[in-house]
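We begin with the ligand and then visit a few other spots along the chain.

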Amino acid sequence: MGTKAKIIGTGIYIPEKALTNADLETMVDTTDEWIQTRTGIKSRHIAADNQACSDLAVEASKNAIKDSGLETSDIDLILVATITPDMFFPATACLVQEKIGADCPAFDISAACSGFPYALTTAESFIKSGMYRNILVVGAEKLSSFIDWDDRSTCVLFGDGAGAAVVTAVDGNSESGILSSYIGSNGKYADLLKIPGGGSAVPPSHDVIDKKLHTLKMEGKEIFKLAVRQMSDSVAKVLDNAGLSLEDIDMLIPHQANLRIIDAVMDRVKLPREKVFINLYKYGNMSSASTVVALHEAVKEGKIKEGSNVVMVAFGAGLTWAATVMKW
Ligand code: ACO
């Protein structure tokens with residue numbers, strides 16, 4: 001019965017420098033108590049000045065390829081999900097291709113925090129079509145370059161990091177692999193979360209810099225409500241497509257933006273807390289890197305084992321949302 005796509009290796013890279021809530025207390029008018037109670041975040045990591053998004057992606061990619069047991073020469077396609085590329089063009093995926101020494105097509109995917117499951121779904125489609133066999137899927141962000149470090153309502157939320165997965169073709173009768181994927185978008189809400197300046201709508205200028213329009217702006221409260229609703233609906237939809245029910249889920253890997261969003265989703269979908277993986281307290285929101293880094297850590301910590309049914313669900317700017325169910 002055709003072909004299935006399966007993740008056979010994962011890897012991450014988290015920059016060395018940690019920025020704690022205590023550090024932020026010295027930068028803006030905030031407190032560790034506010035950040036922890038409103039978001040669950042205790043710390044996040046910040047890339048060095050000489051590290052670009054592709055450098056984080058390269059380290060995660062090397063680790064994922066090693067974990068998969070494949071060679072770099074086996075990779076047929078590279079997809080990098082990011083909203084903080086090294087440059088508008090060329091694609092960060094092309095820079096990663098050169099730096100890891102691969103010889104294959106490479107392109108970026110922009111779906112903000114839903115970036116990794118969006119890219120995973122793209123990889124799954126290429127594999128199912130028979131076009132490519134081994135695909136490197138990366139989620140990488142250097143958000144620290146686009147944060148307004150004077151805006152306490154956003155600067156406490158985000159961090160830098162990267163994760164990668166090697167996805168390969170397996171026999172369609174194989175039990176393990178991706179069982180179902182679901183992606184969605186609604187540009188009606190584009191204004192809720194964006195970097196307004198620096199693109200072709202508002203090109204770079206002194207005014208853009210003076211007004212900090214090159215940094216991330218967010219309507220947090222609106223995003224919060226939409227995130228809860230859309231992530232809950234996406235979990236229901238992807239399970240339905242896979243012919244599974246909530247009782248079949250062994251581990252939920254949600255986008256790691258805010259602990260209160262995850263709690264509200266768990267309440268709505270009625271999943272017990274021990275079935276959700278959370279690492280946002282140490283990394284903050286790493287946008288497209290969050291879900292793949294969480295997946296990697298859940299596997300390495302033994303919370304996802306062979307045969308586990310795993311649901312990944314994300315939500316982000318666009319607005320975009322995405323969910324994937326896979327048997328490990
Ligand atoms: N420290 C102290 N006080 C703060 C801080 C801070 N860091 N930030 C905001 N406040 C204040 C506000 O000024 C406000 O004060 P006021 O009542 O005097 O006006 C008060 O705290 C409450 O602010 P709210 O915005 O109402 O706080 P809320 O409980 O909504 O939490 C938060 C804000 C954490 C941003 C929340 O709305 C959230 O998580 N939203 C979703 C964000 C998200 O998930 N984004 C996902 C996608 S990201 C992507 O795609 C790149």
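## The ligand and its shell

Sorted by class, the residues around the ligand comprise 13 nonpolar, 8 polar and 5 charged ones. Please keep in mind that this is a predicted model. The shell holds 26 residues, and the closest include Thr 30, Arg 38, Cys 113, Lys 221 and Asn 258. Of these, Cys 113 is buried, with a relative accessible area of 7%.

Where does the ligand come up against polar atoms of the protein? One of its oxygen atoms sits 3.3 Å from an N or O atom in the side chain of Trp 34. Backbone atoms take part too: a polar backbone atom of Arg 152 is 2.9 Å from a nitrogen atom of the ligand, and a backbone N or O atom of Gly 220 is 3.0 Å from a ligand nitrogen. On its own the ligand would expose 1000 Å², of which the protein buries 75%.

Which elements give two or more residues to this shell? They are helix H2 (32-39), H6, helix H8 (220-242) and helix H9 (259-269). H8 makes the biggest contribution, with 4 residues.

In H6, which spans residues 152-155, you will find Thr 154. Is Thr 154 buried or exposed? Its relative accessible area is 2%, so Thr 154 counts as buried. Beyond residues up to four places away in sequence, Thr 154 touches Asp 148, Leu 216 and Met 218.

Helix H9 holds Met 266, which is buried at a relative accessible area of 1%. Setting aside neighbours within four places in sequence, Met 266 is in contact with Leu 252, Leu 271, Pro 272, Arg 273, Lys 275 and Val 276. Leu 252 is 14 residues from Met 266 along the chain, and their C-alpha atoms are separated by 9.4 Å.

How many disulfides does the structure hold? The count is 0. Take Cys 104 as an example: the nearest cysteine sulfur belongs to Cys 94 and is 9.3 Å away. A disulfide needs two cysteine sulfur atoms within 2.5 Å, so Cys 104 is in no disulfide. Cys 104 also counts as buried, at 10% relative accessibility.

## Thr 168 in strand E7

Strand E7 covers residues 161-171 and includes Thr 168. This threonine is buried, with a relative accessible area of 9%. What does the side chain of Thr 168 make a polar contact with? Its partner is the side chain of Asn 134, at 2.5 Å.

Helix H11 (residues 290-300) is mostly covered, with 10 of its 11 residues buried. The buried ones are Ser 290, Thr 291, Val 292, Val 293, Ala 294, Leu 295, His 296, Glu 297, Ala 298 and Val 299.

The backbone on either side of H11 deserves a glance. Just after the helix, Gly 302 takes a positive phi of about 80°. In the loop between helix H10 (280-283) and H11 lies Ser 287, which has a positive phi of about 45° although it is not a glycine. Ser 287 is buried too, with a relative accessible area of 1%.

## Other backbone spots to check

Most residues other than glycine have a negative phi, and most peptide bonds are trans. With that in mind, look at Lys 212, whose phi is near 55°. Lys 212 is in the loop between helix H7 (206-210) and strand E10 (217-218), and at 25% relative accessibility it counts as partly exposed.

Cis peptide bonds turn up as well. The bond from Phe 89 to Pro 90 is cis, with omega near 0°, and Pro 90 belongs to the loop between strand E4 (77-81) and helix H4 (92-100). The bond from Gly 318 to Leu 319 is also cis, with omega near -10°. Leu 319 lies in the loop that runs between strand E12 (309-316) and strand E13 (320-327).

Methods: Residues are numbered from 1 along each chain as its sequence is written. This is a predicted model: local features need pLDDT of at least 70, side-chain atom pairs count only at pLDDT 80 or more; totals for chains, interfaces and linings use all residues. Side-chain values use heavy atoms; hydrogens and water are left out. Buried means under 20% relative accessible area, exposed over 50%, partly exposed in between (1.4 Å probe, protein chains only). Contact means heavy atoms within 4.5 Å. A residue is near a molecule or strand if one of its heavy atoms lies within 4 Å of it. A polar contact is a pair of N or O atoms within 3.5 Å; within protein, one must be able to donate a hydrogen and the other to accept it, and residues adjacent in sequence count only if both atoms are side-chain atoms. Accessible areas come from the Shrake-Rupley method with a 1.4 Å probe; for residues, only the protein chains shown count as cover. Ala, Val, Leu, Ile, Met, Phe, Trp, Tyr, Cys and Pro count as nonpolar, Asp, Glu, Lys and Arg as charged, and the others, Gly among them, as polar.
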